[in-house]
Amino acid sequence: MIRKIAILFSIALIAACSASDNSSGKVPDGFNRSELLVNLADNIIIPSLQDFGPKLTALKTSIQTFATTPNQTNLDAARTNWLTAYKAWQHVEMFNIGKAEALNQYYFFMNIYPTTVLDIETGVSSGNYDLNSSAYHDAQGFPALDYLLYGVAADDASILVKYTTNANAQGYKAYMNAVVNQMDTLTQQVITDWTTLYRDQFVTSTENTATSSLNKIVNDYIFYYEKSLRASKFGIPSGVFSTTPLPEKVEAFYRKDVSKELALEALKAVQDVFNGKKYNGTTTGESFKSYLVYLERNDLVTLINSRFDAARQKIEVLNGSFYSQINTDNTKMTQAYDALQLAVVSLKVDMLQAFNISVDFVDADGD
């Protein structure tokens, strides 16, 4: 009798331990999450960072050259590298995990717009600023460089004066260098983390818990799509969340003519991740798409991709300058927003339910 009790106790203990392996209490669906995470890490996230890093370093070098010798040739070179790096950034911003998250939200230092001109100008004139302070999140990164390269004066001749004979010329050059050095330093930390320690931690965290890799990266992905792509690039400047349009809040406001280009790059990045497409390649691997196929949700795969495609069509008819588009025919901007919004429901409700993953961020814009 004692032996039978002991055996029964052992069976119960093993069952309890097995249940505790999945601390969320969610029953595993049998999908190989590790293969999905490996594809994300090795074929998408790390390659996109390794492409972005050198492009950002090239931007830093060209800005240093311009600061040393402020002329039209060097200004043009810095502008070219700014756009090249900015487009590569669209493939990186959604991966707010690992060191990027530990750095108090890496993207806060890289792409908060609209930039606050008053903070930049105060820093330029006083030399007193702290780019590590949250108060300066909106006075650095690509948007600050957008202002410093395109917006400090009305034309190129006047911009060059700001960096040559203006009383604050040294301040402008120092601030510009400080901004790009900050961006480069933080980016190198993120790249080093992924290529040394974090990659292995990421691909082996296969549980279905709030802190496991897939649960976090899926949430980051949806958050980026909903907030950074749909809301920041389209909804906020077109006035979806306000009583009137706010065209001055478009991405790349001072360059004016590349907001559409950046948005299309961002949508491409989102769709490529969904389909598991290798960064700058054509092959695909395990992905959110293949996970849904495994779960026999081919219908949802088709729906999500069709909604991405439909949103792209709406964006492609827009003016290259969203600022101009909003001021001339804002209806087309809100139509693009509406098309993007349709995919939010498919991702945030249907896909998360299929994966048995809970939302881990607060939705504050009423959708």
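## Rings, charges and a buried glutamine

The charged end of Lys256 sits over the ring of Phe253, and 3.7 Å separates it from the ring centre. Lys256 also lies over the face of Tyr323, this time at 4.7 Å from the ring centre. Keep in mind as you explore that this is a predicted model. Let's look at the aromatic rings next, and then at one glutamine.

**Aromatic pairs**

- A pair of aromatic rings is described by the distance of the centres and the angle of the planes.
- The count comes to 28 aromatic pairs.
- Take Tyr198 and Phe202: their ring centres are 6.0 Å apart and their planes meet at 50 degrees, so this pair is tilted.
- Both residues belong to helix H8 (residues 169–204), where being four residues apart separates them by about one helical turn.
- Tyr198 is buried, and Phe202 is buried too.
- Phe274 and Phe308 make an edge-to-face pair, with 6.1 Å from centre to centre and 80 degrees between the planes.
- Because Phe274 is in helix H10 (residues 259–275) and Phe308 is in helix H12 (residues 298–316), their pair ties together parts that are 34 residues apart in sequence.
- Phe274 is buried, with a relative accessible area of 0%, and Phe308 is buried with a value of 0%.

**An aromatic cluster**

- One aromatic cluster is formed by Phe52, Trp82, Tyr86, Trp89, Tyr106, Phe142 and Tyr150.

**A buried glutamine**

- You can find Gln341 in helix H13 (residues 322–355).
- Its relative accessible area is 18%, so Gln341 counts as buried, the cut-off being under 20%.
- The side chain of Gln341 makes a polar contact of 2.7 Å with the side chain of Arg230.

Methods:
Residues are numbered from 1 along each chain as its sequence is written. This is a predicted model: local features need pLDDT of at least 70, side-chain atom pairs count only at pLDDT 80 or more; totals for chains, interfaces and linings use all residues. Side-chain values use heavy atoms; hydrogens and water are left out. Helices (H or I, at least four residues) and strands (E, at least two) are DSSP runs, numbered from the N terminus. Buried means under 20% relative accessible area, exposed over 50%, partly exposed in between (1.4 Å probe, protein chains only). A polar contact is a pair of N or O atoms within 3.5 Å; within protein, one must be able to donate a hydrogen and the other to accept it, and residues adjacent in sequence count only if both atoms are side-chain atoms. Rings of Phe, Tyr and Trp (its six-membered ring) pair if their centres lie within 6.5 Å; planes under 30 degrees apart count as stacked, over 60 as edge-to-face and the rest as tilted. A charge sits over a ring if NZ of Lys or CZ of Arg is within 6 Å of the ring centre and within 35 degrees of the ring normal.
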